[in-house]
Amino acid sequence: MNLSSKAIVKELINAIIQGKYPAGSSLQSERELAVSFQVGRPTIREVLQRLSHGGWLTLRKGQSAIVNDYWQEGNVTTIVNIVQYCDDIPDEFVLYFLEMRIAMTPQYVKNAINLHHPKVVGILAKMDELMDQPEDYALFDWKLQKELASLSENPIFLLTLNSFEGAYIEMATRYFSLSYSRKASYNYYKELMAAALKGDSRQAERLTKSMMEKSYALWNSHISEGKQSQETIN
């Protein structure tokens with residue numbers, strides 16, 4: 001059965017992420033790819049153009065495309081592609097996302113409380129309904145971040161978060177599968193509520209930066225332990 005261009009893009013992106021096509025290697029020729037995927041060469045050309053636009057490939061006239069180091073040569077579309085098409089989001093991607101949040105989240109939390117602290121109180125009050133389950137925490141945190149970004153009245157924050165929609169809950173569920181991550185976040189929500197009740201945006205900013213740094217450290221420690229366990233098994 002012929003595959004759609006979208007399905008081929010997904011398959012090739014996953015192959016690149018999984019290391020089947022290392023950075024600097026060449027893809028098969030258009031003709032070989034067309035035979036492999038049982039599609040016409042125009043479909044393959046469309047796929048290659050989309051992957052080039054996403055920073056995955058460098059196209060060369062009359063030659064096979066070169067696979068890029070997507071961490072170094074990618075762009076915003078690369079992020080969207082990983083979110084849309086990746087079957088198993090790499091632990092490193094979660095770590096990079098958490099690092100980005102250290103820089104971004106404190107600012108929109110500060111702005112939200114400075115401009116709309118009663119609304120922030122109302123949003124945080126819903127934490128009393130939280131069940132001690134990874135999925136519940138992931139959904140609550142996603143809604144909280146989106147609403148805080150919206151209340152900051154800087155649309156770039158919300159647009160950035162929206163780029164991760166679909167993957168955020170998956171990443172957050174993985175993060176919140178650790179009981180100490182849930183405990184740390186619940187304590188943060190309570191402290192943020194206290195700051196919001198006072199309308200103390202500076203305190204909220206400090207609390208948030210501290211929590212984002214702690215989240216990064218917790219996940220980094222978790223994946224480091226996982227790598228060490230895997231090395232022991234091998």
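# Close-up views of a predicted model

**Figure 1. Ala-103 belongs to helix α6.** Helices (H or I, at least four residues) and strands (E, at least two) are DSSP runs numbered from the N terminus. With a relative accessibility of 66%, Ala-103 counts as exposed; the term exposed applies over 50% relative accessible area, buried under 20%, and partly exposed in between, using a 1.4 Å probe and protein chains only. Although Ala-103 and Met-212 are 109 residues apart in sequence, their C-alpha atoms are 8.7 Å apart in space. The model is predicted, so that local features need pLDDT of at least 70 and side-chain atom pairs count only at pLDDT 80 or more, whereas totals for chains, interfaces and linings use all residues. Residues are numbered from 1 along each chain as its sequence is written, and side-chain values use heavy atoms, with hydrogens and water left out.

**Figure 2. The protein chain comprises 11 helices and two strands.** Along the sequence, these elements follow the pattern α-α-α-β-β-α-α-α-α-α-α-α-α. The C-alpha trace spans about 65 × 45 × 30 Å along its principal axes. The protein chain has 234 residues, of which 44% count as buried. Among contacts (heavy atoms within 4.5 Å) between residues at least 6 apart in sequence, 70% join residues at least 24 apart.

**Figure 3. Helix α2 meets helix α3.** The axes of α2 (residues 30-37) and α3 (residues 41-53) come within 9 Å and cross at roughly 110°. Axes are lines fitted to C-alpha atoms, for helices over the stretch in contact, and the angles between N-to-C directions run from 0 to 180 degrees. The two helices, α2 and α3, are therefore roughly perpendicular to each other; this description covers 65 to 115 degrees, while angles under 35 count as roughly parallel, over 145 as roughly antiparallel, and the rest as oblique. On the α2 side the contact involves Glu-30, Arg-31, Leu-33, Ala-34 and Phe-37, and on the α3 side Arg-41, Ile-44, Arg-45 and Leu-48. By class, the contact contains five nonpolar, no polar and four charged residues. Ala, Val, Leu, Ile, Met, Phe, Trp, Tyr, Cys and Pro count as nonpolar, Asp, Glu, Lys and Arg as charged, and the others, Gly among them, as polar.

**Figure 4. Gln-38 occupies the loop between α2 and α3.** Its phi is positive, at about 60°, although Gln-38 is not a glycine. Most residues other than glycine have a negative phi. Gln-38 is partly exposed, with a relative accessible area of 47%.

**Figure 5. Helices α7 and α8 pack against each other.** The angle between α7 (residues 134-151) and α8 (residues 155-162) is about 155°, and their axes are 7 Å apart. The helices α7 and α8 are therefore roughly antiparallel to each other. Trp-142, Gln-145, Lys-146, Ala-149 and Ser-150 of α7 make the contact with Phe-157, Leu-158, Leu-161 and Asn-162 of α8. These residues divide into five nonpolar, three polar and one charged.

**Figure 6. The loop between α7 and α8 includes Ser-152 and Glu-153.** Ser-152 counts as buried, at 4% relative accessibility, and Glu-153 counts as exposed, at 51%. Leaving aside neighbours within four places in sequence, Ser-152 is in contact with Tyr-108, Asn-111, Ala-112, Leu-115 and Phe-157. Glu-153, a residue other than glycine, has a positive phi near 65°.

**Figure 7. Thr-208 is a residue of helix α11 (residues 201-233).** Thr-208 counts as buried, since its relative accessibility is 0%. Apart from neighbours within four places in sequence, Thr-208 is in contact with Thr-105, Pro-106, Val-109, Tyr-188 and Leu-192.

**Figure 8. The largest cavity holds about 160 Å³ of space.** A search of the whole structure finds one cavity of 30 Å³ or more. On a 1 Å grid over the protein atoms alone, a cavity is a set of points where a 1.4 Å probe fits but cannot get out, and lining residues have an atom within 4 Å of a point. Grid points are joined across faces, edges and corners, and a volume is the space filled by probe spheres set on the points. The largest cavity is lined by 17 residues, and Leu-98, Arg-101, Asp-141, Tyr-168 and Tyr-175 lie nearest its centre. At least two lining residues come from each of α6 (91-124), α7, α9 (168-175), α10 (179-198) and α11. By class, the lining has 12 nonpolar, three polar and two charged residues.

Technical notes. 1 Å grid on protein atoms, 1.4 Å probe; cavity = no way out; pocket = protein on both sides within 12 Å on 5 of 7 lines; lining within 4 Å.
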